[in-house]
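Here is a short report on one protein chain. Have the sequence and the model at hand while reading.

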Amino acid sequence: MNDSNWTPVGTHTVQFTQPMHGEIPWWMQFNSRAIALPEYSPVDGTPISHGCVRLSGRFAKKVHEGVVPRRTVVRVTGSPRPRCDHP
């Protein structure tokens, strides 16, 4: 699923962090496809990006402050479920 909107299930090591990635705050990249844990809205599980795991503002900042690049592990266990009428 390299070209899909799905975050790969499994364990991933955070590669690097940035306080800002363009206009996106609290960027914590954990996948070579630039999949990250950023602050981004809406946080409702819908797949609107190429796989990023969106976090709310305060939580994203808290996680960002605790991440140690190349040591912190992200465990992805599920898949997003679209909230729309499309299959």
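Helices (H or I, at least four residues) and strands (E, at least two) are DSSP runs, numbered from the N terminus. On that basis the chain has one helix and four strands. The model is a predicted one. Along the sequence the pattern reads β-β-β-α-β.

**Overall figures**

The chain has 87 residues, and buried residues make up 29% of them. Take the contacts with a separation of 6 or more: residues 24 or more positions apart account for 50% of them.

**Strands E1 and E4**

E1 covers residues 10-13. E4 covers residues 73-76. The two strands run antiparallel and are joined by four bridges.

Which residues of E4 are covered, and which uncovered? Val74 and Val76 form the covered face. Val73 and Arg75 form the uncovered one. In a regular strand the side chains alternate between the two faces of the sheet.

His12 sits in E1. His12 counts as buried, at 13% relative accessibility, because the cut-off for buried is under 20%. Beyond its sequence neighbours within four places, His12 contacts Phe30, Asn31, Thr72, Val73, Val74 and Val76. Val74 in turn touches Gly10, Thr11, His12, Val14, Phe30 and Leu37, again leaving out residues up to four places away.

**The nonpolar core**

The largest nonpolar core has 10 residues. Its members are Val14, Met28, Phe30, Ile35, Leu37, Leu55, Ala60, Val67, Val74 and Val76. Both residues of the covered face of E4, Val74 and Val76, are among these core members. In soluble globular proteins, nonpolar side chains tend to be buried together.

**Trp26 and its surroundings**

Trp26 lies in strand E3, residues 24-29. Its phi is near 60°, a positive value in a residue other than glycine. What does Trp26 contact, leaving aside neighbours within four places in sequence? The partners are Gln18, Pro19, Leu37, Pro38, Glu39, Gly57, Ala60, Lys61 and His64. One of them, Glu39, makes a side-chain to side-chain polar contact with Trp26 at 3.5 Å. Val63 is 37 residues away from Trp26 along the chain, yet their C-alpha atoms are separated by 8.6 Å.

**Helix H1**

H1 spans residues 57-66. His64 is found in this helix. His64 is buried, with 13% relative accessibility. Beyond four places in sequence, its contacts are Thr17, Gln18, Pro19, Trp26, Trp27 and Met28.

How many salt bridges are counted? The count comes to one. That salt bridge links Lys61 and Glu65, with the closest N and O atoms 2.8 Å apart. Why can the two residues be placed about one turn apart? Lys61 and Glu65 are four residues apart in H1, so about one helical turn separates them. Lys61 is partly exposed, at 37% relative accessible area. Glu65 is exposed, at 55%. Lys61 is also one of the residues that Trp26 contacts.

**Accessibility of selected residues**

| Residue | Relative accessibility | Class |
|---|---|---|
| His12 | 13% | buried |
| Lys61 | 37% | partly exposed |
| His64 | 13% | buried |
| Glu65 | 55% | exposed |
| Arg70 | 66% | exposed |

**Backbone points in the loops**

Two loop residues deserve a look. Pro42 is in the loop between E3 and H1. A cis peptide bond joins Ser41 to Pro42, with omega about 0°. Arg70 is in the loop between H1 and E4. Its phi is near 65°, a positive value in a residue other than glycine. Arg70 counts as exposed, at 66% relative accessibility.

Terms used: Residues numbered from 1 in each chain as written. Predicted model: local features only at pLDDT ≥ 70, side-chain atom pairs only at ≥ 80, totals over all residues. Heavy atoms only, no water. Contact = heavy atoms within 4.5 Å. Polar contact = N/O pair within 3.5 Å; in protein donor to acceptor, adjacent residues only side chain to side chain. Salt bridge = Lys/Arg side-chain N within 4 Å of Asp/Glu carboxyl O. Buried < 20%, exposed > 50% of the residue type's maximum accessible area, 1.4 Å probe, protein only. Core = buried A, V, L, I, M, F, W, Y, C linked by side-chain atoms within 4.5 Å. Pairing = 2+ DSSP bridges.
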